[in-house]
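Thanks for coming. I have one structure to go through today, so please have a look at it first.

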Amino acid sequence: SLAGVDVVEEIHRLKKERNAIILAHYYQKPEIQDIADFVGDSLELSRKAAETDADVIAFCGVKFMAETAKILSPEKIVVLPDMDAGCSLEDSCPPDKFKAFRDEHPDHIALTYINCSAEVKALSDIIVTSSSAEHILSQIPKDQKIIFGPDKHLGGYIAKKTGRDMLLWPGVCIVHEAFSETELLKLQTQHPDAPVAAHPECPAYILDHADMVGSTSAILKYAKEFEGDTIIIATEPHIIHQMEKAVPEKNFIGAPGADGNCNCNICPYMALNTMEKLYVALRDLEPRIEMDEELRLQARKSIDKMMEMAS
Ligand code: 13P
Ligand code: SF4
C-alpha cells in the first residue's frame, strides 16, 4: 500500500540511492515533468539516454522511447512506470506486415519514424525523429527510392516539403488525428493574430493552417520566442506546462478537437504514467525493459545512423 508514503520525497530519495536519472517527454503530467532531471523531445531524450552515467534510467514516456534508451544503453537498468504505455503508431505497424511490405519493394530503403517497435527498427535502415526527419532525408541521394513509415502524416509532410516521392506506410497518431479543422478555424477567427504551431503528426488539413511545424522542442522554442500574446498549440496539450512556466504572461491555447476543447487530445498512453507508478518503478526497479541481444544490435544499427545523420 502507498498509504502514508510521501511520493515526491521518496522519488528524490530513491533517485539518489539507485543513482537513477528521470527522463520525461513533454507529454507527461506536469508533476512528472517537474520531478524529471531532463524533459525533451524524442531525439534529445535518446541522446540523454546514450550519454548518462546513471545506473538506472526511469523513462517517463512511452515504451518505444524506453526501448530506444535500452538499445543505446544496454548496461543500464531502464524502467518504464507503466509497461502498457504504447503508441498508436507502433500498433499500426506490426513487424511481420512491415517485413512483407519491405520484401515487396526490394529497391527501397526504409526510413522509419522512431515511434515504432524495436522489431521494426531492426527491419529499418535509418531511424528519424520529427526534429531530424527532414535533415536526414536531405542527405539521401535523390534517386534513392524510400519507404517511410509508420506515420503517413509526418511522411507526407516531409515528402511535400522536399519534393520527394516516398512510399508511405498508412499509420497515424490517434492524438494528432483528433484535431478538428472546423474547430481550429473557429478558434482562429476568435484569435486572428494568434499563430498556430503544429506537430508534423497532424493531418495535412491541420498543418495547412500552421504558421510553424516542428517537433515538441521546436514548438516549445517557438512558443517562448513568438511576438504577440496568444498562440495556438496543435500538439499534445501537456507541453503547455513548459510554456506557462517559461513565459507565464502569454496565453497558450491547445488546438481543439471536434468537441471544441483540447482534452480529447491527451495521449492516453502517456497518461498511464503516474507519480505513484514512478515511485514504485524506482523502488522495485520494475517494470523493466529487457531485450534480446540480437534484436538490440540489429535495431541499434538504424538508430546509430540517425545519431550520425541528425544535426
Ligand atoms: P517529438 O517529441 O520527438 O516531437 O515526438 C512527439 C511524439 O510523438 C511523442 O510520442
Ligand atoms: Fe504515440 Fe501519438 Fe501518443 Fe505520441 S502522442 S505516444 S505518437 S499515440
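Predicted model: local features only at pLDDT ≥ 70, side-chain atom pairs only at ≥ 80, totals over all residues.

Residues are numbered from 1 along each chain as its sequence is written, while chains are lettered from A and ligands numbered from 1 in the order in which they are written.

Helices here are DSSP runs of H or I, at least four residues, and strands are runs of E, at least two, numbered from the N terminus. Helix H3, residues 42-51, packs against helix H4, residues 63-72, at an angle of about 35°, and their axes are 8 Å apart. Axes are lines fitted to C-alpha atoms over the stretch in contact, with angles from 0 to 180 degrees between N-to-C directions. On the H3 side the contact (C-beta atoms, placed from the backbone, within 7 Å) includes Leu45 and Ala49, and on the H4 side Met65 and Leu72.

Next, helix H9, residues 152-162. Among its buried residues are Leu154, Tyr157 and Ile158; buried means 20 or more other C-beta atoms within 10 Å of the residue's own, again placed from the backbone. Their cover includes strand E5 and helix H8. Just after H9, glycine 163 has a positive phi of about 70°.

Now the ligands. Which residues are closest to ligand 2? They are Cys87, Ser88, Cys173, Val175 and Cys267, out of 14 that surround ligand 2, counting a residue if its C-beta atom lies within 6 Å. Around ligand 1 we find, among others, His25, Asp41 and Glu201.

How values were computed. Buried ≥ 20, exposed ≤ 12 C-beta atoms within 10 Å, placed from the backbone. Contact = placed C-beta atoms within 7 Å.
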